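This briefing goes through one protein model by topic. Please look over the sequence and the coordinates before reading on.

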Amino acid sequence: MQNDKRVKYACYTVNISMAIVGNLSPLLFITFQGLYGISYTLLGLLVLINFSTQLFVDLIFSFFSHRFNIHAAVKATPILTIIGLSVYALFPFVFENHVYVGLVIGTVIFSAASGFSEVLISPVIAALPAKNPEHEMSKLHSIYAWGVVGVVLFATVFLLVFGKVAWQWMTLILLIVPILSAVLFFSAKLPKLETPERMSGALQFLKKKQLWVCFFAIFLGGAAECTMAQWCSGYLEQALGIKKVWGDVFGVAVFSMTLGIGRSLYAKIGKNIGKVLCLGGIGATLCYATAIVSPYAVLGLVACALTGFCVSMLWPGSLVVASDRFPIGGVFIYAMMAAGGDFGAAVAPQMVGVITDSVSGKAWALQFATKLGMTGEQLGMKIGMLVGMMVSLIAIFVYLYIWKTQKRYTAKIENPIEKELN
């Protein structure tokens with residue numbers, strides 16, 4: 001196998017591993033609550049730990065990437081995933097009375113690996129020779145979406161056949177993916193990755209307006225994507241009255257499927273990323289609005305599913321814009337963008353939960369909900385989902401600015417040094 005292909009396949013399997021660790025806990029929430037009596041608050045804390053750990057790693061690499069052996073860090077990523085998933089699955093066997101402690105330790109370790117992946121895998125793909133780098137970046141991120149589809153379907157079928165008590169064996173089987181990544185990386189020669197020579201070099205980038213435009217773009221893209229990704233299953237079940245099993249399948253798997261379709265299409269025929277971002281923001285706003293106001297469960301379900309297609313390029317598209325405008329930024333730029341995406345992915349879904357809880361318990365909300373023929377919780381969740389609609393709406397204006405200024409930066413792409421100085 002040619003070296004570049006080996007590196008690509010290693011990066012693809014790392015992104016599938018990210019899909020595993022990012023969705024494993026939410027898929028097992030009900031299992032953990034039933035088997036171990038873990039509260040929903042503590043279960044939700046696992047998601048917060050996941051994103052917080054990733055954000056911490058992003059920030060470290062943003063300012064201290066020059067202190068790391070980048071190639072060693074890339075190759076260590078799947079090994080960290082293997083260790084984290086192993087602790088996650090095996091701790092309950094060894095310490096039956098401290099299951100949650102093992103879940104937390106495992107989550108911290110594999111979330112750190114996921115943070116490494118976000119920061120390092122995209123620049124590795126970008127550094128490989130390619131006829132169309134934009135398409136390669138979109139393909140990489142489409143792999144993640146299809147990985148989510150595979151994980152959801154595999155977990156659903158496995159737990160249905162073998163029962164909830166077999167969740168640890170399911171987790172251990174999933175170790176095959178990061179093990180394959182480790183094997184592929186072991187014998188591969190990685191391309192050269194640029195990093196600032198010192199922290200002051202990183203600080204110079206922070207003075208650039210376009211960096212913050214890109215940061216805000218991916219923040220809003222991550223918020224729009226992850227709000228629906230994390231809440232669509234619960235929203236379909238609670239707000240629209242769809243059974244949980246169908247909420248899981250259609251809420252997570254179909255959303256991820258349309259996410260993958262959007263990214264795969266751009267990888268094949270996509271162009272003019274600024275226009276694509278604008279249209280994605282408009283489409284996501286309309287889909288959120290439809291899901292919120294529709295009185296019909298089927299229409300709401302379709303809107304939730306189509307949101308995946310609309311937001312599909314908001315995260316990877318923002319990376320494409322950043323790499324175009326900062327071609328010599330290297331790992332620092334990708335680390336900053338990963339931090340922005342993770343920040344949006346952590347804040348927006350949390351806001352949905354806070355708003356839903358605060359509204360559901362109010363007397364006025366219950367009275368108003370009764371008039372509309374719904375419960376206070378249903379009304380609260382609909383109002384909470386306005387977060388997703390609002391971030392998508394705000395994102396339109398940011399993406400419109402990117403689109404309007406795209407030609408200026410494309411014209412300078414042949415002279416990256418001059419581009420950086422402007």
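Accessible areas here come from the Shrake-Rupley method with a 1.4 Å probe. On that basis the accessible surface of the protein is about 18,500 Å², and carbon and sulfur atoms make up 69% of that surface. The model is predicted.

**Overall make-up**

- The secondary structure consists of 18 helices and zero strands.
- The protein has 422 residues, and 54% of them count as buried.

**Nonpolar cores**

- The largest nonpolar core holds 86 residues, and F61, V74 and L120 are the ones that touch the most other members.
- Helix α9 (residues 209-238) supplies the largest share of this core, with 14 residues.
- A second, separate core has 30 residues, including I38, F51, L103 and C226.
- Beyond its neighbours within four places in sequence, V74 contacts L120, I121, V124, F185, L190 and L193.

- C11 sits in helix α1.
- The relative accessible area of C11 is 0%, so this residue is buried.
- With residues up to four places away in sequence not counted, C11 touches I121, V124, I125, L140 and F185.
- The C-alpha atoms of C11 and V124 are 8.0 Å apart in space, while the two residues are 113 residues apart in sequence.

- S122 belongs to helix α4 (residues 99-127).
- Why does S122 count as buried? Its relative accessible area is 4%, and the cut-off for buried is under 20%.
- Apart from neighbours within four places in sequence, S122 is in contact with S117, M137, L140, H141, L319 and Y334.
- L140 is also one of the residues touched by C11.

**Salt bridges**

- How many salt bridges does the structure hold? There are two salt bridges.
- One of them joins E136 and K8, with 3.4 Å between the closest N and O atoms.
- This pair links distant parts of the chain, since E136 is in helix α5 (residues 133-162) and K8 is in helix α1 (residues 3-36), 128 residues apart.
- E136 has a relative accessibility of 18% and therefore counts as buried.
- K8 has a relative accessible area of 22%, so K8 is partly exposed.
- The side chains of E225 and R263 form a salt bridge with an N to O distance of 3.0 Å.
- E225 lies in helix α9 and R263 in helix α10 (residues 244-269), and the pair links distant parts of the chain, 38 residues apart.
- E225 is buried at a relative accessible area of 7%, and R263 is buried at 2%.

**Aromatic pairs**

- The whole structure contains 13 aromatic pairs.
- One of the pairs is F32 with Y36, which is tilted, with 6.2 Å from centre to centre and 40 degrees between the planes.
- F32 and Y36 are separated by about one helical turn because they are four residues apart in helix α1.
- F32 is buried, with a relative accessible area of 0%, whereas Y36 is partly exposed at 30%.
- The ring centres of F93 and W169 lie 6.0 Å apart with the planes at 55 degrees, so this pair is tilted.
- F93 is in helix α3 (residues 70-94) and W169 is in helix α6 (residues 167-173), so the pair ties together parts that are 76 residues apart in sequence.
- F93 is partly exposed, with a relative accessible area of 40%, and W169 counts as exposed at 52% relative accessibility.
- Which residues form one aromatic cluster? The cluster is made up of F32, Y36, Y88, F110 and W167.

Note on methods:
Residues numbered from 1 in each chain as written. Predicted model: local features only at pLDDT ≥ 70, side-chain atom pairs only at ≥ 80, totals over all residues. Heavy atoms only, no water. Core = buried A, V, L, I, M, F, W, Y, C linked by side-chain atoms within 4.5 Å. Buried < 20%, exposed > 50% of the residue type's maximum accessible area, 1.4 Å probe, protein only. Helix = DSSP H or I, 4+ residues; strand = E, 2+ residues; numbered from the N terminus. Contact = heavy atoms within 4.5 Å. Salt bridge = Lys/Arg side-chain N within 4 Å of Asp/Glu carboxyl O. Phe/Tyr/Trp six-rings, centres within 6.5 Å; stacked < 30°, edge-to-face > 60°.
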